[in-house]
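The following account leads through a structure with its sequence. Please keep both in view while reading.

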Amino acid sequence: MEDTSRRTTLKALGATLGAAAFARAMAPLAAWPEDLSIDELLQRHYKELSRDDMVRVLRRLEQETLDQYGAVVTIDDVRPIPEVQFGYALNLSVCVGCRKCAEACHVENNHDRATNQSYIRVLEIKNGSVDLAMGTVDYDHAVPKKGRSYMPVQCHQCDNAPCVSVCPIEATWKEPDGIVVVDYNWCIGCRYCEAACPYHARRFNWHKPEIPAEEINPDQAYLSNRVRPQGVMEKCTFCLHRTRKGRLPACLEACPTGARVFGNMLDPNSEIRWVLENKRTFVLKEDLGTRPRFFYFFDK
Amino acid sequence: MPLFTALTLLLACDQGFVDPSREYGPPVADAPAKVSRVHVPTSLGAVDTPRRDIHGAPIGVSCATCHAGPGEDAIVVGDEGNPEQMHGTIELLHGGLACDACHEPTDRRLLHLADGAKIEMAEAMKLCAQCHGPQARDYQKGAHGGMTGYWDLRQGERVRNHCVECHAPHSPKPPQVQPAPRAVDRVVFPASETH
């Protein structure tokens, strides 16, 4: 009997390993998620959708929200208003750190109830410094505390956004009115953008958000506050489902001290322009060259 | 020239919309600007009594309940001999001002400006502005004071907060409050809190 050659052995070994690797690579197909429809799998990128495609996607997403959460919602594809560039300013002299903005964001943007998530994080820092590394966000005492000041941080909608340039699949981009958005159905959840953001403004949906049907905000938009799926990134969109219809963002309306100023930076008579022209504004981590559209200022 | 062609091709491949009509929404029609009005709270022209409603908030009584008309003697109801009792809930912590600095002595339903001109309670912001100029200027420019409604007055109206909604006129410094609950954020909190 002829001895098995070395070549044959290696071939057999290679074939076995190859077959095993192929089976392993195909394994996710066996674990097809129950809530993933063929339509969703084959859905194209947001910018590649025609108007008719978009309408079909919106109706499907509304149906999915009804099936999964029992809530009747309206999801719109709200597009930018021509000749509008959004800007936001926050007066650090009057912010008291009450987290009402974060609470309003939580409710408005259909965040997961268990984690009490929000796009706004309020830092408590010692007076006389803007040392963010020493700031805390877990304070639970009455505010404002003596000797402390407060700095809410949310997405700065940078004009040179690091989160956009690191995305390997263009699932996040900057809109013509300056808002950085995410196509939650295109995002693969690699979290590169979360790592790239110097303001720590992006959030990851570790779990499927849990929200009681009666608490779901039914006024939704595809690019903003619709209930996000598990495993995708999300971020502040300056409440584009409100602001692109002329309304003020939810965090601004909730602020009891009037620390927040929002508007169209192209309108010379707008409040935001007055602040930018007359107050000493600054942006966070200017040295990084991100060119934020979120400005901070002091009264004096 | 090849470089130019390559650049043009690159630009053509930019991530534009397949359907360019989706890039923008419809332009906003040039409508007459809606109003930006100031909300006048019911607490103006009223004084808190020691009694509380079911939510624990003090029950207010309109000044006119006792001070029915012009003149210091125009009191029709209440304890005329003991005004401190009626005004006992007021803690005056406003830069050492006395009552009459703002309240009109000849008609307690009114206020008066620095030049003595009488104004209605609802116009109290004029009085505030006389001392707090920078704040009044910032307010007028929309950089001070809360608001709700529309940033775009072409599309809807805006309601501004009145000074006294945040600053109680007798003790204007807002009190400390308990903050809303924090987020349970696995990234920022120390491991001991989440594991």
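**From strand pairing to cores**

In chain B, B:Ser36 stands opposite B:Arg158 of β7(B), where strands are DSSP runs of E of at least two residues and helices are runs of H or I of at least four residues, both numbered from the N terminus. The model is predicted: local features need pLDDT of at least 70, side-chain atom pairs count only at pLDDT 80 or more, and totals for chains, interfaces and linings use all residues. Residues are numbered from 1 along each chain as its sequence is written, while chains are lettered from A and ligands numbered from 1 in the order in which they are written.

β1(B) and β7 (residues 158–160) of chain B run parallel and are joined by three bridges; two strands pair if DSSP finds at least two bridges between them. These strands belong to an open sheet of three strands in chain B, with the order β1-β7-β6 and mixed pairing. Its edge strands, each pairing on one side only, are β1 (36–38) and β6 (147–149) of chain B.

A further pairing in chain B is antiparallel: β2 (residues 46–52) and β3 (residues 58–62) are linked over four bridges. Here B:Arg52 stands opposite B:Pro58 in β3(B). The hairpin of β2(B) and β3(B) has five residues between the strands, and B:Gly56 takes a positive phi near 90 degrees in it.

Chain B as a whole comes to seven helices and seven strands, which follow the pattern α-β-β-β-α-α-β-β-α-α-β-β-α-α along the sequence. Of its 195 residues, 13% are buried, that is, have 20 or more other C-beta atoms within 10 Å of their own, with C-beta atoms placed from the backbone.

The cores come next. A nonpolar core is a set of buried Ala, Val, Leu, Ile, Met, Phe, Trp, Tyr and Cys residues joined through C-beta atoms within 7 Å. The largest has 72 residues, and A:Ile120, A:Phe238 and A:Phe262 are among those that touch the most other members. Apart from that core lies another of six residues, including B:Leu44, B:Leu111, B:Leu127 and B:Cys163.

Finally, the two chains meet. Their contact (C-beta atoms, placed from the backbone, within 7 Å) takes 45 residues from chain A and 38 residues from chain B. On the side of chain A that touches chain B, the elements giving two or more residues are α4 (100–108), β10 (260–264) and α9 (271–278) of chain A.

Terms used. Contact = placed C-beta atoms within 7 Å. Buried ≥ 20, exposed ≤ 12 C-beta atoms within 10 Å, placed from the backbone.
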